[in-house]
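Dear colleague,

Here is the structure that I promised to hand over, with the sequence beside it. My notes on what was found follow below, and I would be glad if you read them with the model open.

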Amino acid sequence: MSESPYYGVVLSVGMLATGTLNTLLTKLQDKQCIGNCADPDPLKHEHFEQPVWQTLNMFYGEMLCLACFYLFSLYQRRRRDMSFPRRNGYEAIFEADESDESVDARVAEAVPATAESGAPRQPKPIAGCATLWMWVPAVCDLLGTTLMNVGLFFTTASVYQMLRGAVVVFSGLFSVLFLGHRLARFQVIALLLVVVGVTIVGLSNIISPPAQLRSLHRSASQPTASFGEHADEINSEAWKAVLGVILVLGAQVFTATQFVVEEKIIRHYHLTPLRAVGLEGSFGALTVMAAIPVLHLTIGRTHPGSYFDAPEGFRQIVENPAVWQTSIYIMLSIAMFNFFGLSVTRYLSATSRATIDTCRTLFIWMSSIALGWETFSWIQVIGFIVLVYGTFIYNRVIASPF
């Protein structure tokens, strides 16, 4: 059955909207006040900062993809049963439905030929203990997402999203080291442009004061306050901005490792993308749920109110409607973003998906400015342009002049 000419547009808009909402909702959750909210001084408000619980919430969203996979498989099976009913106790033999995600041939075609025979390597279906291999990228996803969640506390939503573009650099490097890929000259130059763009964006987060710094500058002008105290506070916030940039960039190492491991697994096993996301979500959720009590007993109990204080984090979620409501929205947006992203890859192309994912950074930036979360910065504009240009050249979205 042919798809509607507007189907690709719907998928692209869906991926762009849900991807934008995902980052904005996470930042909105970070801004929720959970303590000292009645204090007239906003600097004394305590905000929701629970990166471990946020990571668990992300994995719950990915687990929904596994439910969608099994529901879709059940739907396909029932549709075939209706089209080919049993006769005299025998079941009709039919050709595989091309729209069924369980078709192995489509995945096999995407696997490169083996060096020995030149024939495509037929990946075997992943089942049983082999599914445990998906635990490795799940752990990488866990570490990367947790670091990014902490980094988002100290950066703006747009800077956070732009810095995530550095994953292209680490992915390219790791693919050469561990997968045997070879990068063309234009790809190497493109990666250097991405490095330059990410560096400029990171500097913009340090040079251009975020909202917290501006409020400190305003309060520093008040005669009742000590200039030295406010100078120390401003310096502390500047270091937090540096820490945020380092954490988000460091997280891309784990994200790139996740991509490389996933490619290794897909080369050997047939695994549809929707099921892969669901398995990673399941293994990641199990890991986080097992780690939460351990982290609380080893760290959180002696550091009350910290990131690893499990009872306090749970209390902050259940006692603040804005927090648990945004958690539900984030979970749904993650599930829908993965669904739309995988659909764009299937019906359009992987390049289209990479292009849309880059474009959502612009929408996050525009939305953050409209919401008053950050101000316009020309430094950030320059960094964003260089970053996007390098990313587009690397993904062959635009022709390389090199």
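Glu312 is partly exposed, with a relative accessible area of 21%, where buried means under 20% relative accessible area, exposed over 50%, and partly exposed in between, computed with a 1.4 Å probe on protein chains only. Before going on, please note that this is a predicted model, in which local features need pLDDT of at least 70 and side-chain atom pairs count only at pLDDT 80 or more, while totals for chains, interfaces and linings use all residues. Residues are numbered from 1 along each chain as its sequence is written, and side-chain values use heavy atoms, with hydrogens and water left out.

Side chains of opposite charge can pair when their charged atoms come close. Glu312 meets Arg315 in a salt bridge, at 2.6 Å from N to O; the term stands for a side-chain nitrogen of Lys or Arg within 4 Å of a carboxyl oxygen of Asp or Glu. Because Glu312 and Arg315 are three residues apart in helix α11 (residues 310-318), about one helical turn separates them. Helices here are DSSP runs of H or I with at least four residues, strands are runs of E with at least two, and both are numbered from the N terminus.

Arg315, which counts as partly exposed at 30% relative accessibility, also takes part in a salt bridge with Glu319, where the closest N and O atoms are 2.8 Å apart.

Glu263 is partly exposed, its relative accessible area being 29%.

**The protein as a whole**

The protein has 14 helices and four strands, and 45% of its 402 residues count as buried. Its accessible surface, from the Shrake-Rupley method with a 1.4 Å probe and, for residues, with only the protein chains shown counted as cover, comes to about 21,100 Å², of which carbon and sulfur atoms hold 67%. If contact is taken to mean heavy atoms within 4.5 Å, then 77% of the contacts between residues at least 6 apart in sequence join residues at least 24 apart.

**Cysteines**

How many disulfides does the structure hold? There is one disulfide, the term meaning a pair of cysteine sulfur atoms within 2.5 Å, and it joins Cys33 to Cys37 with an S to S distance of 2.1 Å. The link of Cys33 and Cys37 is left-handed, with -115 degrees about the S-S bond. Cys33 counts as partly exposed at 23% relative accessibility, and Cys37 likewise counts as partly exposed, at 42%. Cys68, by contrast, is in no disulfide, and the nearest cysteine sulfur, which belongs to Cys65, is 6.0 Å away. Cys68 is partly exposed at 40% relative accessibility, and Cys359 is partly exposed with a relative accessible area of 32%.

**A nonpolar patch on the surface**

Leu64, Trp324, Ile328, Tyr329, Leu332 and Met336 make up a nonpolar patch on the surface, with about 530 Å² of accessible area together. Patches are built from residues with over 30% relative accessible area and no salt bridge, like charges being joined within 9 Å and nonpolar side chains (Val, Leu, Ile, Met, Phe, Trp, Tyr) within 5 Å. The most is given by helix α12 (residues 321-347), with five residues. Leu332 lies in helix α12 and counts as partly exposed, at 40% relative accessibility.

**Helix α13**

Is Thr361 buried or exposed? Thr361, in helix α13 (residues 350-370), is buried, with a relative accessible area of 6%. Apart from its neighbours within four places in sequence, Thr361 is in contact with Ser158, Gln161, Met162 and Phe384. Ala354 lies in helix α13 as well, but is partly exposed, with a relative accessible area of 23%. Ala354 and Val397 are 43 residues apart along the chain, and 8.9 Å separates their C-alpha atoms.

With kind regards
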